[in-house]
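Please keep the sequence and the model in view while reading.

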Amino acid sequence: MSQRATGNTIVVGVDGSEASMEALRWATAQARALQADVVAIHAWQPIGAGFAPYAPASARPTAAEQRDRAAQLLAGTLRAVFGPRIDRAVRAVVVEGPPERVLLQQAHGALLLALGHTARGQYDLPSMGSVGRACLRHATVPVVAVPAAERSDRPAAPLGAVRTPAFARSGAA
């Protein structure tokens, strides 16, 4: 589908991960507050090039099968987030192409682009994948990086007080 989200919409990148589900939840709540619509985008690319040339043709999924799997992934993600009753303000769109290009094109003219990211990456820094980084660099609309919910099997980082030097409080720079 080549129809872009425009005007009063929030575009969300959906890949089936918990982070993208959290972004979809956040975007839906934001859309209600802004009286906007949500466009849930799943971008997929043909995977035929990933198979060895000697792999049997029967092992390679057709483009139609891959498109169906992409649509099933998006529909399953929407059901996981909303249950059996999907919010009427949410529109699901499956587009063939590189995710960063698809998301940037689809978000052009929207209110914002929402993407999920894992809460912690290497060295306990926020983690953003290559698609998210490309969207942050090249988007023409604001991009919101929504963190995935903390896993319960990982202890939460302790909160600490923020200390400022005396000269910072006095206004001296």
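R25 and E18 form a salt bridge, with their closest N and O atoms 3.2 Å apart; a salt bridge here is a side-chain nitrogen of Lys or Arg within 4 Å of a carboxyl oxygen of Asp or Glu. The model is a predicted one, in which local features need pLDDT of at least 70 and side-chain atom pairs count only at pLDDT 80 or more, while totals for chains, interfaces and linings use all residues. Residues are numbered from 1 along each chain as its sequence is written, and side-chain values use heavy atoms, with hydrogens and water left out.

R25 also meets E22 in a salt bridge, at 3.1 Å from N to O. R25 and E22 both belong to helix α1 and are three residues apart, about one turn of the helix. Together, E18, E22 and R25 are linked in a network of salt bridges. E18 is partly exposed at 41%, and E22 is partly exposed at 22%.

The whole structure holds three salt bridges. One of them joins R32 to D87, with the closest N and O atoms 3.2 Å apart. This pair links distant parts of the chain, since R32 is in helix α1 and D87 is in the loop between α2 and β3, 55 residues apart. R32 has 54% relative accessibility and so counts as exposed.

The fold comes next. The chain has five helices and five strands, where helices (H or I, at least four residues) and strands (E, at least two) are DSSP runs numbered from the N terminus. Along the sequence they follow the pattern β-α-β-α-β-α-β-α-β-α. In what order do the five strands lie in the sheet? The sheet is open, with the order β3-β2-β1-β4-β5 and parallel pairing; two strands pair if DSSP finds at least two bridges between them. At the edges are β3 (90–96) and β5 (143–147), each of which pairs on one side only. From one strand to the next, the twist averages 25 degrees; axes are lines fitted to C-alpha atoms, for helices over the stretch in contact, and angles run from 0 to 180 degrees between N-to-C directions.

The parallel strands β2 and β3 are joined by seven bridges, and I41 stands opposite V93 in β3. Helix α2 (residues 63–82) lies across β2 and β3 and runs at about 140 degrees to β2. Helix α3 (residues 99–107) lies across β1 (9–13), β2, β3 and β4 (112–117), at about 155 degrees to β2.

Now the interior. Of the 173 residues in the chain, 31% are buried. In soluble globular proteins, nonpolar side chains tend to be buried together. A nonpolar core is taken here as a set of buried Ala, Val, Leu, Ile, Met, Phe, Trp, Tyr and Cys residues joined through side-chain atoms within 4.5 Å. The largest such core has 19 residues, of which I10, V12, L24, V38, A40, L78 and F82 touch the most other members. At least two residues come from each of β1, α1, β2, α2 and β4, and α1 gives the most, with five. Apart from this core lies another, of 14 residues, among them V39, I41, V95 and C135.

Which residues surround V38, beyond its neighbours within four places in sequence? V38 is in contact (heavy atoms within 4.5 Å) with I10, V12, L24, A27, T28, A31, A89, V90 and R91.

A36 sits in the loop between α1 (18–34) and β2 (37–44). Its relative accessibility is 8%, so A36 counts as buried. With neighbours within four places in sequence left aside, A36 is in contact with N8, T9, A31, A89 and L111. A36 and A89 are 53 residues apart in sequence, yet their C-alpha atoms are 7.5 Å apart.

For the chain as a whole, contacts between residues at least 6 apart in sequence can be sorted by separation: 74% of them join residues at least 24 apart.

Definitions and conventions. Buried means under 20% relative accessible area, exposed over 50%, partly exposed in between (1.4 Å probe, protein chains only).
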